[in-house]
Amino acid sequence: MNKDEVIEVVQRMVARLLATNPAGVGLCLIGGARLRLLDHSARRSMDIDYHWEGDLAKKQVEVASLLRTRLLPMVKSKLGLDGDVRDGAESPFVSTVELAFYRVGSDLPRIEIPVDITHIPCLDRPVARTMDGVVFLSASDTDLLESKLLAIVLRDVVAARDWVDIYLFRTLLSPEAPARLARKLAMIKVARTVVSARLGKIRLGRVVQLRQVAQVLREQVDAAVAENLEQAGGAAMVFEEAFAITCRAFGREGGV
């Protein structure tokens with residue numbers, strides 16, 4: 001089993017554990033791991049994200065305790081890996097539990113998996129999704145994709161994986177996205193002029209975005225899908241279409 005396969009196995013174990021224990025009640029699975037686990041995304045996620053409405057720091061402690069006492073023995077038994085669970089970065093917007101796994105004397109590199117607990121603006125009720133008899137609480141499809149769009153314009157550094165996810169899951173976007181996003185921007189007190197400026201800056205940095213999207217396609221997307229995307233235009237096609245979707249969703253064209 002290679003590093004990517006181990007990450008996916010552990011992510012599934014984390015998601016199932018949190019979905020079936022009191023510490024995970026109310027946690028909504030979001031991000032690329034949700035899209036991979038429940039929607040069969042072609043992109044592998046390197047972390048696992050949750051939305052939480054309450055105190056992020058308190059939930060971080062609860063999640064870390066559960067993963068330390070329950071996940072580490074499971075990973076040791078199933079994969080033969082030793083591991084650590086540590087509190088990671090904290091901010092007003094995200095708290096992280098850092099997972100690390102390793103096998104002494106093995107060629108397998110040290111594997112690190114962040115479990116990020118954050119708060120995204122949501123307009124819809126959470127939804128219950130099922131897989132193999134387990135109920136996974138998640139943000140709605142619409143809130144999930146809109147969180148990707150908001151991340152594009154709010155993060156200091158754009159995560160290229162978000163362009164890929166927006167491209168792959170654009171059908172989740174609501175026709176009401178411009179109005180919904182306007183409400184969310186008002187909720188978090190971000191002016192629309194900030195969005196326009198950000199989109200314009202992204203357009204000017206197109207070359208950097210293309211390079212980073214190409215790296216995501218090489219390293220995180222299933223090989224056959226990545227090859228098909230390459231034949232259809234590759235990173236340039238993915239970025240341009242995702243950027244256009246983002247501009248339209250915010251009621252802007254061309255980043256202006």
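How many nonpolar, polar and charged residues are in the lining of the largest pocket? The lining has 11 nonpolar, six polar and eight charged residues (Ala, Val, Leu, Ile, Met, Phe, Trp, Tyr, Cys and Pro count as nonpolar, Asp, Glu, Lys and Arg as charged, the others, Gly among them, as polar). The model is predicted, with local features needing pLDDT of at least 70 and side-chain atom pairs pLDDT 80 or more, while totals for chains, interfaces and linings use all residues. Residues are numbered from 1 along each chain as its sequence is written, and side-chain values use heavy atoms, without hydrogens and water.

**View 1. The largest pocket holds about 780 Å³ of space.** A pocket is an open set of points on a 1 Å grid over the protein atoms alone, where a 1.4 Å probe fits, with protein on both sides within 12 Å along at least five of seven lines; lining residues have an atom within 4 Å of a point. Of the 25 lining residues, T118, H119, I120, A151 and R155 are closest to the centre of the pocket. α4 gives the most to this lining, six residues.

**View 2. The second largest pocket holds about 150 Å³ of space.** Among its 14 lining residues, L18, A19, G24, V135 and L137 are closest to its centre. Elements giving two or more residues to this lining are α1 (3-19) and β7 (134-138). The lining has 10 nonpolar, four polar and no charged residues.

**View 3. α8 passes α10 in a right-handed crossing.** Contact (heavy atoms within 4.5 Å) involves residues including L210 and V213 of α8 and V238 and F239 of α10.

Note on methods:
Left-handed = near helix turned anticlockwise from the far one by under 90°. Helix = DSSP H or I, 4+ residues; strand = E, 2+ residues; numbered from the N terminus. Points joined across faces, edges and corners; volume = space filled by probe spheres on them.
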